[in-house]
Amino acid sequence: MRIGILANSLPAAANIYHEIKSVPGAEVFVLLSPVDERSSWSGLMLQLARVAVKPGRAKTLKLISQRAVTRFSRPLHDRETISRVKEMKLDIGLHKSGNIYHRETIECFRLGILNAHIGLLPKYRGRSVMEWSLLQGDPVGISVFFVDEGIDTGRSIVLSETVDVSHCKTIAEAKQHLFDQDARVYRRAIEQLAKPNTKFQINDGSGHRYYVMSKLFQDVAQQCLSIGNI
């Protein structure tokens, strides 16, 4: 299975690359693209700066040594970039970028692009879903699903699991703990897709789309998290 990690920086892709690389039969590539139209030279300088200052430099440098990185000078929706991605004949994309994917980009991948969403679909779509889950007394978790052009509306959910955040002291710490699960849950999703007759949970649109939580509600969500720590 040929897998492309869609990222805007090398450090963001490194953990996922090394985790997925260990899956039997997986060929893994990093597709590095800018979010905007910044020049090729300035984009390269930014990448080098990120490698220098980000934690986990060893993993990032090891990734560079694998020669598995394809760097595009144009955003993913650009016609030239799309053409180059198609030529790679990839089966699955893994979302780790700030891009919103156009249909033409999604269709470059035989099966589609997976997203590790830090909310339990179909109930929790959109932003601040971990905080809204805490506020409403619901479990916190991650859903890995195939994206479409909407906001968390892709119909096929490969896996959905609850994650314990009761050990976290702050909302920020809890959210980072969820984000840090992406390499692990992507691996689980890839392993699931490698099985014959994989069955998907349907993201049927029965939930709500949530938006960025206000400071007032964030304080309440923090209290809910703190109560869970007692």
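These numbered points describe the sheet, the aromatic pairs and one serine of a predicted model.

1. Basis. The model is predicted, with local features requiring pLDDT of at least 70 and side-chain atom pairs counted only at pLDDT 80 or more, while totals for chains, interfaces and linings use all residues. Residues are numbered from 1 along each chain as its sequence is written, and side-chain values use heavy atoms, with hydrogens and water left out.

2. Eight strands make up an open sheet of mixed pairing, in the order 3-2-1-4-5-7-8-9; strands are DSSP runs of E with at least two residues, helices are runs of H or I with at least four, and both are numbered from the N terminus. Two strands pair if DSSP finds at least two bridges between them. Strand 3 (69-71) and strand 9 are at the edges with a single partner strand each, so one side of each has no neighbour in the sheet.

3. Strands 7 and 8. Strand 7 and strand 8 (residues 156-162) are paired antiparallel over five bridges, and Phe-145 has Ile-157 in strand 8 as its bridge partner. Helix 8 packs on the sheet, where it touches strand 1 (2-7), strand 4 (92-96), strand 5 (112-117), strand 7 and strand 8; contact here means heavy atoms within 4.5 Å.

4. Trp-132 and Phe-217. Rings of Phe, Tyr and Trp (its six-membered ring) pair if their centres lie within 6.5 Å, with planes under 30 degrees apart called stacked, over 60 edge-to-face and the rest tilted. This rule gives four aromatic pairs. One of them is the tilted pair of Trp-132 and Phe-217, at 5.7 Å centre to centre and 55° between the planes, which links helix 6 (residues 129-135) to helix 9 (residues 215-229) across 85 residues. Trp-132 is buried at 16% relative accessibility, whereas Phe-217 is partly exposed at 38%; buried means under 20% relative accessible area, exposed over 50% and partly exposed in between (1.4 Å probe, protein chains only).

5. Phe-146 and Phe-200. This pair is edge-to-face, with 6.2 Å centre to centre and 85° between the planes. Phe-146 belongs to strand 7 (residues 141-146) and Phe-200 to the loop between helix 8 (182-193) and strand 9 (201-202), so the pair ties together parts 54 residues apart in sequence. Phe-146 is buried at 10% relative accessibility, while Phe-200 is partly exposed at 35%.

6. Ser-133. This residue lies in helix 6 and is buried, at 2% relative accessibility. A polar atom of the Ser-133 side chain lies 2.7 Å from the backbone oxygen of Val-129. Leaving aside neighbours within four places in sequence, Ser-133 is in contact with Tyr-124, Asp-138, Pro-139 and Val-140.

Methods
Axes are lines fitted to C-alpha atoms, for helices over the stretch in contact, and angles run from 0 to 180 degrees between N-to-C directions. A polar contact is a pair of N or O atoms within 3.5 Å; within protein, one must be able to donate a hydrogen and the other to accept it, and residues adjacent in sequence count only if both atoms are side-chain atoms.
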